[in-house]
Amino acid sequence: MEFAELIKTPRVDGVVLHRPFLPTVEGTLCLTGHHLILSSRQDNTEELWLLHSNIDSIEKRFVGSLGSIIVKCKDLRVIQLDIPGMEECLNIASSIEALSTLDSVSLMYPFFYRPMFEVIEDGWNSFLPEDAFKDLESMTDEWRLSEVNKDFSVCPSYPPLVAVPKDIDDETLRKVATFRHGGRFPVLSYYHKKNGMVMMRAGQPLTGTNGRRCKEDEKLINATLRPGKRGYIIDTRTINVAQQAKARGGGIESEANYPQWRRIHKAIERSNVLQESLIKLVEACNDQSHNMDRWLSKLEASNWQTHVKEILTTACLAAQCIDREGASVLVHGTEGTDTTLQVTSLAQIILDPSCRTIRGFQGLVEREWLQAGHPFQQRCAQSAYSNSKPRQEAPVFLLFLDCVWQILRQFPCSFEFSESYLVLLFEHAYASQFGTFLGNSAAERAKLSLPEKTVSLWSWVNRHQEIERLTNPLFEANSLVIWPSVAPQSLLLWEGVFLRWNRSSKCLDEAYEEMVHIIEYNKELQNKVNSLRRQLAQLETEDPLLQTP
Amino acid sequence: MEFIRLPKVENVKLLDRVSPRRSRVGTLYLTATHTIFVENEAGVRNETWVLHSLVCSLEKQAATSSGYPLLIHCKNFQVLHFAIPREQECQDVHLSLQRLSQPESYEELYCFSYKPNVDDEERQNEWDFMNLKADYSRMGLPNAHWKLSPANRNYKVSDTYPADLFVPESATPPVIVGSSKFRSRGRFPTLSYYSKENHAAICRSSQPLSGFSARCLEDEQMLEAILRSNPCSDFMYVVDTRPKLNAIANRAAGKGYENEDNYSNIKFQFIGIENIHVMRNSQQKMLEVCELRSPSMSDFLEGLESSGWLKHIKAVLDAGIFITKAVAEEGVSVLVHCSDGWDRTAQVCSVACVLLDPYYRTLQGLMVLIEKDWISFGHKFSHRCNHLVGDPKEVSPVIDQFLECVWQLMEQFPCAFEFNERFLITIHSHIYSCQYGNFIDLNLLPSTHSLWSYLWTNRTDYINPLYRPDHSQTQGLLRPSTAPYCFKFWRGLYNRFDQGIHPRQSVEDYLRTIQEETQQLEEQLASHKQSPTASGLILLPQDLNQTSIFSLSNSSDPESGIADLSCRSPLSEDSTRDPDSDEAVYSAA
């Protein structure tokens, strides 16, 4: 297919762009295969470059022969284009609609994008499972890297290499895979260096209504327990939801068959409920009525903050079991690709200081989300403005980022990165020139040859300029466990995402600059004093008379 | 003291609201001024001090296995939950505290027994620190349009007004007296703030005694005089801060509001801020939400909404913005009143001042503003804050709402204020604590101490590190957004004592430490320039690249590695030290 077929009117002059808190721009609108571009054709004026894939939905309005297109983006921005001429406007609208809903992944922009920067380190190779396993090997010899899934046949959503208990052979893994949803047999998620406890994740056990059991499954997870110790299974579903899953072949680990494990049920919502929640929250944020009661009741009714609280609470619970109780943990929900990953990744943020660095956080996203098979393509296909009925869409990853932001707000000096890093990941998960978040699993990414055909987001982020932009000036390495508060009073609305386009951030940005200035100035003086002290020491060694008596 | 039935109770439990595991056992002491709980644990001297004057309510609850519970709510939003072993002891403590926390005469107030080590001359100086005349001259008064009126020198015209008042140049004593007779409590229209750039003024008064048809020539002349004192404008606003219905109801009682037909060139405007009773109930509802044991997100948000608190805060700020726009953008003078003109009027005038004039956003300026618009204009602190035993229907968090409006503005303009949140919270505490004489009857002041002087002496604790006098946010007027999502729940005040829910690292404290270090470095560099060889540089103990603000070894928080910087209590005597405060506030399943 040629993009040209979809573009009926590639260029319109005299288009006026309206954006919140920015002056209007008049210029020429151009449509390309992947971008909507508006240029005033004057020097020094900002142009609009909008990826079609960032467009969530559009609305058309007509007043006489002047048409307007309201473009609602996945990053929650809303802009308006006033287009002279009814026909042009209709053509532009239908082209945008077609180009922003392309079905074929291989037509996406990352396959066409050529980097305008020098790739110093190829991000596709930055976080290989082999490397992560080397770190693990330096701490323990109880685990091995299994190649049982090297052709993705045992578990289509797992990566080719997974860490499993050393004494469990591949044959056992194959058997266990048949007993777990989607073949997701329990694998290592996190090893807590401090006490040797581990966190594993899996899909739900397929016990069904007649209480099927799998000895190999029991053997596998028991292999992670120290003699005489009990472990915790954290099921992210309520007991009712988990029981109902039996009718569809799923289920829970029964106490009879898993006597060494204590099962705890939590209530993290999933799929459509979350998508609905996001839509309601964004609608509340965009409400213009200036009515306090209305705002608070809409915020409450969206349930977004409830989800944040529930996810954080469950992550704290998992971290507590590991760090405070000294017990190993297995986390699963239904598929083990959504709520499970929220919990395992947030628990690591709490427990492991290395996840709170810029690079460590990339590693975490790579391990616990991309490699672990979170279906990004399905989940992030639409955002809060979509009119179409949600299918697989759900802001699971956005909720995770929101939770990280909450912890960052409570420990503003313990993260190497600033809020803008989290916002950046949100944007790129939904629309990007990079291939990182394309596909739904390692298998799909391999099939699409993404590492060969697209650029990794990490290649771009891990450059000096970007790292500098994303670094938190307040960062002081904190090697300890950080326990966030989950009280409602402690959890805030993430304004940087949800009110980003609704309010001017000028004063807050200025405060941030002021903060940076205070810290920079201090560093400058430190350097001066240190260099003077070195000079002085030099003088002292050269001239014995100057030495202090 | 005769009110103390039982000076000491042993084996008392101080229960933790969130997790029962963290309850502590100790001895409870009642002194003339404080309730003191001393924890028994060997090795730690853990004390909780609570001023009697801060106690707001006492509640005995049904006996439990841990004893006879006594719940103490404080005016600074601290909640203490004791369990006392024997019923009689609980009864005695309850009765003693009930009496001690409700002084019947001014002499019983804490400010008369609070005797820091300061001699009489110094104490006198404390009171000279605040000088309102200086603020009026800062505004450029008196001038050709406004004069200092001696009319109220002996508090004869209005006993709730200050002696020194500014009135329009053309307002003669008969006009003043005549107008005052037509206003509740004699509170005639007088100047609150003057903008020397454009001559527009904010004036304040109480409601006119207009009933359904009464007129007063002098009052009409008074408003005319205010209008004429602003040569650039041909009309003025009269803002009634009450809901229209309330104002109409007042007409039946011979009070009411100005009839536009009788006053020349006024634009009359209602701004619906609710009365003190609505505000009291609203805050009470909000505090109940703050105290829920482990609320869900919905419990909290629903409760916050149904309390209506943020809606009321928004109403006050909206009113302040209306006046600010009139004065700064239209150059039009405004007369503000409510019923008596000492609650809503004080709120609205002072909020407008903060928005209009950068001076009121400085440490000194905010103190001056509270002195001017609240203390000198007769806000009834002892009734509203329940300093003395009195009518509970007179209690209302009017000043809390003003302080919260300032806090909400600080959230929107982080660089615009010289002071920090701690400053507001400290002021709030001391308005209620009665430790200083500022908020009690003026005639009794000389033997007490002044809060303003205390705050000024300790000002380094209250400086906002992001404030710079030359910063653009510091200049001119503030234009806040009043979209509902800009109003936040003030956790730092209403959940102040729930340490577990506050951020564990404070950006502000971090920056303050950095700034202190920067200052030392500047001094060293300066001394080095003067005499390079005898430089102070030698004295530095360690290489500066190694500085760590949150020193891990000295940490008071072994879990999070965070030095305990945030809970320094402004009231040196009621600080609560809680060694276990750093657990996450959820409990294991």
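How many residues of chain B are in contact with chain A, and how many of chain A with chain B? On the B side there are 75 residues, and they meet 67 residues of chain A. Please keep in mind that this is a predicted model.

I'll stay with that interface for a moment. Chain B and chain A bury about 6,400 Å² between them, and 63% of that lies on carbon and sulfur atoms. The rule finds three salt bridges across the interface of the two chains. One of them pairs K488(B) with E495(A), where the closest N and O atoms are 3.3 Å apart. Polar contacts between chain B and chain A come to 19 residue pairs, both residues at pLDDT 80 or more.

Which helices of chain B each supply at least two residues of the side that touches chain A? They are α8 (297–307), α9 (309–330), α13 (398–412) and α17 (507–530). The largest share is that of α17(B), with 12 residues. By class, the side of chain B that touches chain A has 40 nonpolar, 21 polar and 14 charged residues.

Now the domains within each chain, beginning with chain A. The assignment gives domain 1 as 3–102 and domain 2 as 129–503. Their centres, taken over C-alpha atoms, are 36 Å apart. The contact takes 14 residues from domain 1 of chain A and 20 residues from domain 2 of chain A. These two domains bury about 1,400 Å² between them, 62% of it on carbon and sulfur atoms. On the domain 1 side, D56(A), K74(A) and L76(A) lose the most area to domain 2, together 45% of what that side buries.

Across this domain interface of chain A the rule finds zero salt bridges, while nine residue pairs are in polar contact, both at pLDDT 80 or more. Strands β5 (55–63) and β6 (66–73) of chain A each supply at least two residues of the domain 1 side that touches domain 2. That side divides into six nonpolar, three polar and five charged residues.

Chain B next. Here domain 1 covers 8–102 and domain 2 covers 130–409. Between their centres, again over C-alpha atoms, there are 40 Å. Six residues of domain 1 of chain B and 11 residues of domain 2 of chain B make up the contact. The two domains of chain B bury about 760 Å² between them, with 45% of it on carbon and sulfur atoms. Zero salt bridges are found across their interface, and three residue pairs are in polar contact, both at pLDDT 80 or more. On the domain 1 side of chain B, the residues touching domain 2 are two nonpolar, two polar and two charged.

Key: Residues are numbered from 1 along each chain as its sequence is written. Chains are lettered from A and ligands numbered from 1 in the order in which they are written. This is a predicted model: local features need pLDDT of at least 70, side-chain atom pairs count only at pLDDT 80 or more; totals for chains, interfaces and linings use all residues. Side-chain values use heavy atoms; hydrogens and water are left out. Domain bounds come from an automatic or database domain assignment. Contact means heavy atoms within 4.5 Å. Buried area is the accessible area (1.4 Å probe) that two parts lose on being put together, summed over both. A salt bridge is a side-chain nitrogen of Lys or Arg within 4 Å of a carboxyl oxygen of Asp or Glu. A polar contact is a pair of N or O atoms within 3.5 Å; within protein, one must be able to donate a hydrogen and the other to accept it, and residues adjacent in sequence count only if both atoms are side-chain atoms. Ala, Val, Leu, Ile, Met, Phe, Trp, Tyr, Cys and Pro count as nonpolar, Asp, Glu, Lys and Arg as charged, and the others, Gly among them, as polar. Helices (H or I, at least four residues) and strands (E, at least two) are DSSP runs, numbered from the N terminus.
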